[in-house]
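Work through the exercises below with the sequence and the structure in view. Each task is followed by a solution in steps.

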Amino acid sequence: TIVLNGTDSLLIKTAVDSIFLTELAPFVSDTTQLKTNLDYQVVGTAFNYPLMYYIIGGLIILILILLLIFGKNIARWFKLRKLRIQYEQFRELFSAYITKLKVDPSPELAEKTLIAWKSYLERFDKVPYSVMTSKEILSLSQAVELEQPLKSIDRVVYGKRVQENIYQDFQQIEEYVEDRYSKKVVEIKDGI
């Protein structure tokens with residue numbers, strides 16, 4: 001081997017090496033019997049970590065791209081779903097109370113029904129209706145259609161006067177909530 005160093009060169013000589021082959025089967029014929037080894041050999045399993053990193057990275061990039069493209073639609077879907085579930089639960093409970101009020105118009109049941117309505121509106125509007133009077137609710141919501149039903153309900157709940165047709169006032173309130181729910185769904189779908 002010659003090593004060049006600027007204008008000078010150096011000759012390096014290495015010792016000669018050799019390879020020795022040993023014959024393990026000195027004579028092989030057609031009748032030679034091979035020794036079989038069928039014992040189970042434990043082989044270490046190797047996990048392909050680089051491939052796993054590529055797959056995870058690809059999935060993260062795909063999810064980010066989908067969120068960028070469809071993020072608003074996904075958020076809107078979840079918001080509508082939550083709103084629908086809450087409304088259906090309220091409607092089921094409120095309808096059961098109204099049915100009971102038709103049979104037994106008691107002030108205690110009317111109060112429970114009113115509390116259920118206020119609780120739903122609290123979640124719907126994020127306003128503490130449960131601590132507000134009917135007058136405060138009317139001034140806040142500007143809902144003229146609620147004035148007469150709420151006055152009638154207040155007479156039953158706070159005046160302990162039993163009215164046979166109190167369920168009709170609660171039905172008007174239920175219609176008001178249904179209208180509010182429908183408008184909110186349209187707002188969310190339109191992205192307002």
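**Exercise 1**

Which residues are buried in H5?

Solution. The model is a predicted one. Buried stands for a relative accessible area under 20%. By that cut-off, the buried residues of H5 are Ile166, Asp169, Phe170, Ile173, Glu174, Tyr176, Val177, Tyr181, Val185 and Ile188. Next, look for what lies against them: the buried residues of H5 pack against H1, H2, H3 and H4.

**Exercise 2**

Compare the length of H5 with its expected span, then look at what follows the helix.

Solution. Count the residues: H5 has 25. From the first C-alpha to the last, H5 reaches 37 Å, and 36 Å is expected at 1.5 Å a residue, so the two values are close. After the helix comes Gly191, with a positive phi near 80 degrees.

**Exercise 3**

Describe how H4 and H5 are placed relative to each other.

Solution. Two packed helices are described by the angle between their axes and the distance between the axes. For H4 and H5, the axes come within 9 Å and cross at roughly 135 degrees. That angle makes H4 oblique to H5. The crossing in which H4 passes H5 is left-handed. For the contact, take one side at a time: H4 brings Pro149, Leu150, Ser152, Ile153 and Val156, and these meet Ile166, Asp169, Phe170, Gln172 and Ile173 in H5.

**Exercise 4**

Describe the pair H2 and H5 in the same way.

Solution. The axes of H2 and H5 come within 12 Å and cross at roughly 10 degrees. An angle under 35 degrees counts as roughly parallel, and H2 and H5 are therefore roughly parallel to each other. On the H2 side the contact is made by Ala110, Thr113, Leu114, Trp117, Tyr120, Leu121, Phe124 and Asp125. On the H5 side it is made by Phe170, Ile173, Val177, Arg180, Tyr181 and Lys184.

**Exercise 5**

Check the span of H2 and list its buried residues.

Solution. With 19 residues at 1.5 Å a residue, H2 should span 27 Å. The end C-alpha atoms of H2 are 26 Å apart, which agrees. Buried in H2 are Pro107, Leu109, Ala110, Thr113, Leu114, Ala116, Trp117, Lys118, Tyr120, Leu121 and Phe124. Their cover includes H1, H3, H4 and H5.

**Exercise 6**

Which members of the largest nonpolar core touch the most other members?

Solution. The core has 34 residues, and those touching the most other members are Trp117, Tyr120, Leu146, Phe170 and Ile173. The elements giving two or more residues to this core are helices H1 (49-103), H2 (107-125), H3 (134-141), H4 (147-159) and H5 (166-190). Take Ile173 as a case: leaving aside residues up to four places away in sequence, Ile173 touches Phe94, Trp117, Leu146, Pro149, Leu150 and Ile153. In soluble globular proteins, nonpolar side chains tend to be buried together.

**Exercise 7**

Find where Lys126 and Lys160 lie, and say for each whether the residue is exposed or partly exposed.

Solution. Most residues other than glycine have a negative phi. Lys126 is not a glycine, yet its phi is positive, about 60 degrees. Lys126 lies in the loop between H2 and H3, and at 67% relative accessibility it counts as exposed. Lys160 is not a glycine either, and has a positive phi of about 55 degrees. Lys160 is placed in the loop between H4 and H5. Its relative accessible area is 49%, so Lys160 is partly exposed.

Definitions and conventions. Residues numbered from 1 in each chain as written. Predicted model: local features only at pLDDT ≥ 70, side-chain atom pairs only at ≥ 80, totals over all residues. Heavy atoms only, no water. Core = buried A, V, L, I, M, F, W, Y, C linked by side-chain atoms within 4.5 Å. Buried < 20%, exposed > 50% of the residue type's maximum accessible area, 1.4 Å probe, protein only. Helix = DSSP H or I, 4+ residues; strand = E, 2+ residues; numbered from the N terminus. Contact = heavy atoms within 4.5 Å. Axes fitted to C-alpha atoms, helices over the stretch in contact; angles between N-to-C directions. Parallel < 35°, antiparallel > 145°, perpendicular 65-115°, else oblique. Left-handed = near helix turned anticlockwise from the far one by under 90°.
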